[in-house]
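Here's a quick report on how a ligand sits in a protein model. Have a look at the structure, then read on.

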Amino acid sequence: MQQNYKEALLDSIFNTLTETAEELTLDCYVIGGFVRDYLLKRGTPKDIDVVVVGSGIDLAKKVASKLQGNPKVSIFKNFGTAMLKHKDLELEFVGARKESYHHDSRKPVVEDGTLEEDQHRRDFTINALALSLNKKNFGDLLDPFKGVIDLGNKVLRTPLEPGITYSDDPLRMMRAIRFATQLDFTIELKSLQAITENKDRIKIVSNERIVEELHKILASIKPSIGFSLLHRTGLLDYILPELTALEGIEEIEGQRHKDNFWHTLEVVDNIALSSENLWLRWAALLHDIGKAPTKKFHKKIGWTFHAHEFVGSKMVYKLFKRLRMPLNDKMKFVKKMVLMSSRPIVLSEEFVTDSAVRRLIFDAGDFVDDLMTLCEADITTKNPKKQNKYKNNFKIVRQKIIEVEERDHIRNFQPPISGEEIMKTFNLKPSKEIGIIKAAIKEAILDGEIPNEYDAAYGFMLKKGVKMGLFAINKKN
Ligand code: ATP
Ligand code: MG
């Protein structure tokens with residue numbers, strides 16, 4: 001006997017689907033992510049995929065005409081799919097189909113098919129589960145590949161032979177690793193081997209799709225699951241070679257450095273515990289990429305990674321560009337975090353002076369908290385004494401940031417004296433002197449020589465001008 005999963009479908013939208021399919025004498029089923037997530041109790045998904053034995057577009061149109069507000073149906077004729085939005089739900093309709101693939105493309109040749117044929121083209125057994133919306137067997141679970149058992153065992157398996165599944169559409173390799181990360185599932189060994197064998201097929205997947213999966217891995221509770229699978233299967237060499245270049249420990253004359261790849265994965269897991277910010281997670285992933293090209297051994301001081309933050313921040317731009325990620329504010333944020341990733345560490349190792357904190361706030365601006373969060377996540381030492389010491393030092397830096405900011409307002413620093421006022425005071429035309437004076441005022445404030453206030457800055461400007469041989473002709477009253 002099939003178990004009945006009617007309760008999942010006790011929503012008016014499903015009744016509408018059932019009635020409409022009956023009128024059109026079509027069979028239809030909810031399939032894929034909705035069913036999987038419902039059975040995993042991951043909440044009620046907002047995306048509903050409906051597979052129709054016949055025309056998905058016809059069913060979508062008719063359903064829309066019955067729904068409140070007659071929602072617009074977006075039709076993708078080439079794919080034989082239709083989409084409509086109803087309340088907070090997004091319904092996607094697709095005709096059941098059979099697929100066959102050519103070697104050089106992940107776009108299949110498509111023919112109409114049965115439900116079972118459609119289930120065969122799905123990527124994983126847990127994504128091929130279908131619930132019937134038809135009157136005759138409403139709520140029955142159609143599970144030809146024992147996907148429910150796989151859900152229980154937390155295993156990702158492909159309906160077809162894995163070699164074929166991954167070679168046909170190599171995006172599925174990324175999806176396997178992404179689902180393993182999101183759901184904390186194991187990829188069955190046969191599949192993992194097939195991914196390893198087909199890794200170079202990733203070349204036919206667009207960067208946009210790869211990045212979409214990377215985002216989802218990074219947004220998971222424990223992103224290292226995904227990155228170690230990408231590493232183990234060899235996919236990471238194709239996608240983010242900057243990271244695999246960090247792997248390994250070298251030893252010369254008894255001096256070793258840490259393995260910066262595995263360290264990075266720990267940092268990413270740490271940051272995932274303290275921040276939901278996807279871009280901060282990217283920063284954690286990339287914070288040490290400059291270490292591979294800057295690594296050197298010196299007889300006297302041992303291993304160094306001189307200027308790795310600067311080199312790494314330059315690499316961020318190239319990496320984003322290569323992966324066709326937008327070169328926007330998010331990229332600039334990641335770059336900045338990588339560039340500044342050692343600043344609070346250096347600070348916390350010494351006596352924390354006000355002027356060093358002012359400079360940190362000035363350079364990090366609104367992102368100073370994110371930077372501190374990144375540095376705290378960067379503590380991966382297993383030595384409890386050291387760990388405590390570092391954490392404590394960062395606490396002190398954080399406290400100092402609050403105090404200094406309250407007093408000096410450096411965070412969104414606006415020069416207290418404008419360029420125009422400098423021009424007026426010394427009767428100058430636009431010239432480099434103005435920039436020099438402005439910069440000197442800023443430096444004096446950051447060094448604590450003068451407070452961040454107009455009067456003090458004005459006095460400082462006059463003195464500076466005199467030193468430069470300028471005459472103040474327009475003194476304020
Ligand atoms: P989520 O929406 O959480 O990413 P999902 O399983 O719903 O998970 P979608 O990308 O929305 O994933 O796809 C819906 C369904 O379509 C999947 O459950 C799966 O059955 C099928 N599917 C999607 N992409 C592929 C693919 N590349 N190969 C085979 N089947 C796929
Ligand atoms: Mg979905």
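## Around the ligand

Ligand 1 has 14 residues around it, and Arg36, Arg122, Asn127, Arg172 and Arg178 come nearest; a residue is near if one of its heavy atoms lies within 4 Å of the molecule. This is a predicted model, where local features need pLDDT of at least 70 and side-chain atom pairs count only at pLDDT 80 or more, while totals for chains, interfaces and linings use all residues. Residues are numbered from 1 along each chain as its sequence is written, chains are lettered from A and ligands numbered from 1 in the order in which they are written, and side-chain values use heavy atoms, with hydrogens and water left out.

By type, the shell divides into ten charged residues (Asp, Glu, Lys or Arg), three polar and one nonpolar. Helices H2 (33-39) and H7 (171-183) each supply at least two shell residues, and H7 gives the largest share, four residues. Helices here are DSSP runs (H or I) of at least four residues.

Some polar contacts, meaning pairs of N or O atoms within 3.5 Å, look like this:

| Residue | Protein side | Ligand 1 atom | Distance |
|---|---|---|---|
| Gly33 | polar backbone atom | oxygen | 3.3 Å |
| Asp169 | polar side-chain atom | nitrogen | 2.9 Å |
| Arg178 | side-chain N or O atom | oxygen | 2.8 Å |

Taken alone, ligand 1 exposes 580 Å², and the protein buries 77% of that (Shrake-Rupley areas, 1.4 Å probe).

Zooming out, the domain assignment, automatic or from a database, gives domain 1 (1-150), domain 2 (274-408) and domain 3 (419-467). The centres of domain 1 and domain 3, taken over C-alpha atoms, are 68 Å apart.

Technical notes: Polar contact = N/O pair within 3.5 Å; in protein donor to acceptor, adjacent residues only side chain to side chain.
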